[in-house]
Amino acid sequence: MSVVHVIDVESGNLQSLTNAIEHLGYEVQLVKDANDPELNKAERLILPGVGNYGHVLDNILSRGFETPIRKYIASGKPLMGICVGLQVLFNGSTESPTSGGLKFVNHTLSRFNDAEKPVPEIGWNSVIPSEDLFFGLDPYKRYYFVHSFAGIISGDKETELKSAGWSIAKAKYGSEEFIAAIHKDNIFATQFHPEKSGVAGLQVINNFLKQDNPTLPKYADTEKTLLMNDYSNYGLTRRIIACLDVRTNDKGDLVVTKGDQYDVREKSDGNDVRNLGKPVQMAQKYYEQGADEVTFLNITSFRDCPVKDTPMLEVLRQTAKNVFVPLTVGGGIKDITDPDGTKISALEVATLYFRSGADKVSIGTDAVYAAEKYYSNGSQGDGTSPIETISKAYGAQAVVISVDPKRVYVKNHTDTKNKTIKTKYPNDKNEDICWYQCTIKGGRESRDIGVWELTKACEALGAGEILLNCIDKDGSNSGYDLELINHVKEAVKIPVIASSGAGNPQHFEEGFKMSGADACLGAGMFHRGEYTVKEVKDYLLKQGLKVRVDST
């Protein structure tokens with residue numbers, strides 16, 4: 001079996017990349033030490049990186065990998081960079097101005113303009129058709145991007161790079177064109193994550209490993225119309241996320257469950273936890289149906305379980321073996337103390353999840369605490385919250401804030417310090433002014449902070465995405481709270497995921513067309529088999545909304 005060597009500087013989720021390569025029939029050898037003799041044996045080398053540019057580059061340099069990487073490239077053997085593994089080949093990035101790059105590519109990365117679109121770019125984009133494509137990059141396929149900084153192309157930069165021998169695959173996010181992939185001689189690098197891009201991404205990895213530049217498929221005009229990027233939604237498809245609430249039942253089995261307003265117990269059979277299936281198998285099913293992401297929300301605390309043995313880690317490991325789209329995990333991402341008294345930071349907990357297969361972690365209760373502390377500290381962080389520590393190491397795109405708000409009606413806007421809205425849906429007292437109160441501990445405790453204030457604080461602290469639940473809508477199958485979504489979209493510039501209330505495909509359409517939702521999440525309707533992810537996507541396509549149709 002052929003061996004693929006992967007440089008490991010402890011940046012992000014290498015488990016999924018390992019699984020993807022093994023899925024393609026290769027053996028993976030991680031190289032953690034620049035003096036490892038294995039590096040001299042490498043015939044195919046991959047340089048991945050996730051998160052903060054400076055963090056990744058400084059790890060490469062401090063661990064002595066620069067010289068071996070340059071020596072390897074000079075040997076003429078193929079190297080592939082992924083995400084920040086592409087970025088470090090550039091001169092530098094405005095994300096970390098004091099961290100110079102390896103300078104193979106004469107260009108500097110800069111941040112996307114967030115005045116016109118959400119930043120980070122999180123979602124499925126396509127490359128721009130060109131005669132210069134390589135390694136099977138297909139303009140009619142979608143690839144998963146998650147980044148805030150990019151090699152943005154303007155002026156004569158494309159001409160300059162091509163004159164230097166680089167072949168460039170471009171993508172477009174909003175009005176900005178940027179480098180999606182780049183190739184010269186034995187160097188190939190992608191800004192997107194091929195290991196998280198489904199079948200299309202696996203094909204790109206396989207083509208690189210085989211050093212194959214296959215002829216692209218011939219698409220009929222009808223297929224091109226369906227698949228082409230017309231740059232609606234800033235160039236991204238509409239993301240459909242399948243969410244699995246995972247906990248142990250009274251027998252100790254790990255199950256996927258769903259309830260009404262977070263009550264997950266059956267009413268008719270001894271009040272046990274509602275069991276809708278096994279998490280790994282259900283995640284695989286949703287991937288095969290076309291889910292763009294899978295989210296696991298751990299609603300069991302595992303208080304007596306050492307962190308390293310947390311059952312969710314094994315769920316992630318097993319899921320990541322066959323599910324090649326992004327995985328998010330929430331629950332327990334905080335500073336904790338193990339049963340033996342060992343103190344473990346939120347960053348260390350997150351690292352365990354990332355190295356087990358997660359791409360993003362979701363923070364709930366501790367995000368509320370962090371926001372409250374932010375405001376009491378003069379609207380600034382102190383660097384110690386889980387949001388700050390994790391985003392500093394892994395980037396904003398790795399941190400999702402899971403918010404559980406509920407409506408509170410008031411007579412006047414001045415009756416609360418929190419930002420209010422005038423709603424179209426008065427209560428039984430005919431009050432039409434309300435605010436959205438944030439809760440903690442699975443909705444069991446309310447705090448005097450509104451969703452507007454919370455999400456703005458979390459964005460300032462370094463979060464990259466909001467998972468917007470709604471206690472009033474949870475389990476109702478009546479559609480999303482569109483007023484809530486638009487309220488939060490006005491507060492932040494980062495992507496917002498609509499959650500709670502989806503009961504049929506029309507609700508997803510409403511979420512995308514009647515609010516600014518960047519993604520829509522479904523749970524119970526999928527778990528109960530009322531609709532499949534594919535049926536939702538087929539419906540959205542008929543309504544003129546672009547979705548990813550890559551099959552597994």
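## Charge

In this predicted model, the protein chain carries 63 positive and 73 negative side chains. The centres of these two sets lie 1 Å apart.

## Overall form

The protein chain contains 18 helices and 27 strands. Its radius of gyration is 23 Å, close to the 24 Å that the globule rule gives for 552 residues, so the chain is as compact as a globular protein of that length. Along the principal axes, the C-alpha atoms of the protein chain fill a box of roughly 75 × 60 × 50 Å.

## Burial, contacts and surface

Of the 552 residues in the protein chain, 59% are buried, where buried means under 20% relative accessible area. Among contacts with a separation of 6 or more, 71% are made by residues 24 or more positions apart.

The accessible surface of the protein chain amounts to about 21,600 Å². Carbon and sulfur atoms contribute 46% of that surface.

## A three-stranded sheet

Three strands form an open sheet in the order β5-β6-β9, and the pairing is mixed. The edge strands are β5, residues 90-93, and β9, residues 149-150, each of which pairs on one side only.

Strands of a sheet pair through backbone hydrogen bonds, either parallel or antiparallel. Strand β6 spans residues 105-111 and pairs with β9 in the antiparallel sense over two bridges. Serine 110 stands opposite alanine 150, a residue of β9.

Key:
Residues are numbered from 1 along each chain as its sequence is written. This is a predicted model: local features need pLDDT of at least 70, side-chain atom pairs count only at pLDDT 80 or more; totals for chains, interfaces and linings use all residues. Side-chain values use heavy atoms; hydrogens and water are left out. Helices (H or I, at least four residues) and strands (E, at least two) are DSSP runs, numbered from the N terminus. The radius of gyration is taken over C-alpha atoms; the globule rule is 2.2 Å times the number of residues to the power 0.38. Buried means under 20% relative accessible area, exposed over 50%, partly exposed in between (1.4 Å probe, protein chains only). Contact means heavy atoms within 4.5 Å. Accessible areas come from the Shrake-Rupley method with a 1.4 Å probe; for residues, only the protein chains shown count as cover. Lys and Arg count as positive and Asp and Glu as negative; His and the chain ends are not counted. The place of a charge is taken as NZ of Lys, CZ of Arg, CG of Asp or CD of Glu. Two strands pair if DSSP finds at least two bridges between them.
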